[in-house]
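Okay, thanks for coming, everyone.

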Amino acid sequence: MIGVIANGVEHSTIVEFFELFKTPWEFWRPGSRYDVLLCSNSTVPENDARLLLLYGSQQQAFERCRGIKTQSVRGHQFLSFRGERMPIYGSCLLFNSPGNEVVIHERTKSAAAVSVASEDHMVVRLGFDLFQEVRYLLTQGQPAEFASIPTLDLHISLLRELIVRCEVPLVEILPMPTGYRFIVCLTHDVDHPRVRYHMCDHTMFGFLYRALIGSVIDFCRGRRSLRQVVTNWKAAFSLPLVFAGLAKDFWNQLDRYLALEKGLASTFFVIPTKGDAGVDSEGRTKRKRASRYALTDIADDLKKLLSANREISVHGIDAWRDSAKGCDEREHIQEITGAAETGIRMHWLYFDSQAPSTLEKAGFSYDSTVGYNEAIGYRAGTAQVFKHPNVDRLLELPLHIMDTALFYPSYMNLSEDEARTAMLSLIKNVTRFGGVLTINWHDRSLGPERLWADAYVTLLGDLRAQTPWFATASQTVSWFRRRRTASFVRIAHDGNSVRVRTATDPAAADLPALTLRVYNSASSSHKLGSKENALFEDFTIDGSDEVLIAA
Ligand SMILES: [Zn+2]
């Protein structure tokens, strides 16, 4: 059991942190015994914890008593542990204590964390503010230049490693479903379901330029094959026939998506109203943002999606800033799906700090907007579903990979090979840390002039090779919700055992089970594995099981 002492302002962040690092913990209570005592910028009470963790970027008694010289650094700093780079966004305290380094400050090579061990006791002093970092990640988010680093998942990994390395018993409910290494959420924003709705608008002229001229430039740069140039030219010259209804609309790629994703789950975010551009955070209207299709225009597509068991969610226009409008947007889509619960992703990823509570008020059960337009990776520093501050129920399914971010010249501008390498690095992270990889491949991206089908097929192959659980957005959120309802109860009479309780929810009956991992377990009868040099044993928690763990 971890005891945590921190300033009251950090409490809500701490509660959320321990939903992501799901392990028994409580706020420190006088007189209680803890294996691990975690102090965040606070004085250390009398204790007999085997591991004492002192986080904080301000000077503390630890270094003063030992005469350790310190230096404070500000701004974005890179730390390294196990050779892994981790950015710190607040201030950081460095320690001059040769031989005791645990975490290294990359630029100065000084220690950003040091440890001092005695016979049965270890103190680790970390010179940064863990929960302020976590709050920054979950609210502000990382700048796009550091998008590729799963910073929050690294903070969890560092804390876990410190505990396990100290041979303190640890139990944890893993952020991956039993039987899978991680979750994949395939999603599609439905922005342009047909090219024929764009006669003589900016989208059509943009298409013509990119198909006729852009593809030739790309061919000269080695980014397009001759076959692709021909396909795009053919598509461009077929436009009059498409507008006349005499040729196939090459932006209607739904059947192809359903064929490529046969046997998998996916979620389609559909814009509820035609011609409404909404307003941005400065109150401006950008006409280009308005959708050119109405739900009645794509009624057949929607039927097809429902009969193929796909999830249809809201691709919102104004829901992020106006809960009454959000309510309307939700109801429009629920009239079609009949689903009791609906999620949302904002068109153009419009969002601000008030958006989570506005969306919750509008009755959405999840949002999947937190990501980057210009990069792929981890805006909130994590691959886990999380809860924003100031909401009760709404969960955030972070968005990690978007096709337009990878390939647009004004964004990452990658070749297909470079894009694959960038995505493989995210797949590698999610196999290590668990969580979900959320992917957005736009509706028209398989057709001309984008022709990003090969990249998508390769991505699906790379994902399938790792045997993840392919789930819809709502299934993913429900699974994380189930994990969040699990609770640990310390058994009073012996003080060393914990009971794990999960809520019985019939709606969650089809979801994969939770896995409880017990590190340094004395009983090593089955499934004994090794991770980061620690021994562990895994138990499956299903339904309303109560598992008693000697920890
Ligand atoms: Zn959109």
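**Salt bridges, zinc and a surface patch**

Let's start with E449, which forms a salt bridge with R210, their closest N and O atoms being 2.7 Å apart. E449 sits in the loop between β20 (436-440) and α14 (453-464) and R210 in helix α5, so this pair ties together parts that are 239 residues apart in sequence. By salt bridge I mean a side-chain nitrogen of Lys or Arg within 4 Å of a carboxyl oxygen of Asp or Glu. Helices (H or I, at least four residues) and strands (E, at least two) are DSSP runs, numbered from the N terminus.

Quick housekeeping: this is a predicted model, where local features need pLDDT of at least 70 and side-chain atom pairs count only at pLDDT 80 or more, while totals for chains, interfaces and linings use all residues. Residues are numbered from 1 along each chain as its sequence is written, and side-chain values use heavy atoms, with hydrogens and water left out.

So, is E449 buried or exposed? It counts as buried, at 6% relative accessibility, whereas R210 is partly exposed at 33%. The cut-offs there: buried is under 20% relative accessible area, exposed is over 50%, and partly exposed is in between (1.4 Å probe, protein chains only).

Next pair: the side chains of E418 and R223 meet in a salt bridge, 3.6 Å from N to O. E418 lies in helix α13 and R223 in the loop between α5 and α6 (226-237), so here the parts tied together are 195 residues apart in sequence. E418 is partly exposed at 39%, and R223 is partly exposed too, at 29%.

Then there's R517 with D538, closest N and O atoms 2.8 Å apart. That one links strand β24 (residues 514-519), which holds R517, to strand β26 (residues 534-541), which holds D538, and the two residues are 21 apart. R517 counts as buried at 9% relative accessibility, and D538 counts as buried at 13%.

How many salt bridges does a search of the whole structure find? The answer is 31. Among the residues involved, R82, E84, E161, R165 and R432 are linked in a network.

While we're on helix α13 (residues 416-433), have a look at N429, which lies in it. N429 is buried, with a relative accessible area of 13%. Setting aside neighbours within four places in sequence, N429 is in contact (heavy atoms within 4.5 Å) with S148, P150, Y378 and G434.

Now the metal. Which protein atoms are the donors of the zinc ion? They're D191 (OD), D191 (OD), H315 (NE2) and H347 (ND1), lying 2.1 to 2.6 Å from the zinc. Donors here are N, O and S atoms within 2.8 Å of the metal (3.2 Å for Na, K and Ca), and water is not among the atoms, so sites may look incomplete. In sequence, the donor residues are spaced D-x123-H-x31-H. D191 is in the loop between β13 (183-190) and α5, and H347 is in the loop between β16 (343-346) and α11 (355-361), 156 residues apart. Both D191 and H347 are buried.

Last stop, back to helix α5 (residues 202-220), where Y209 lies. Y209 counts as partly exposed, at 46% relative accessibility.

That's my tour, so over to you.
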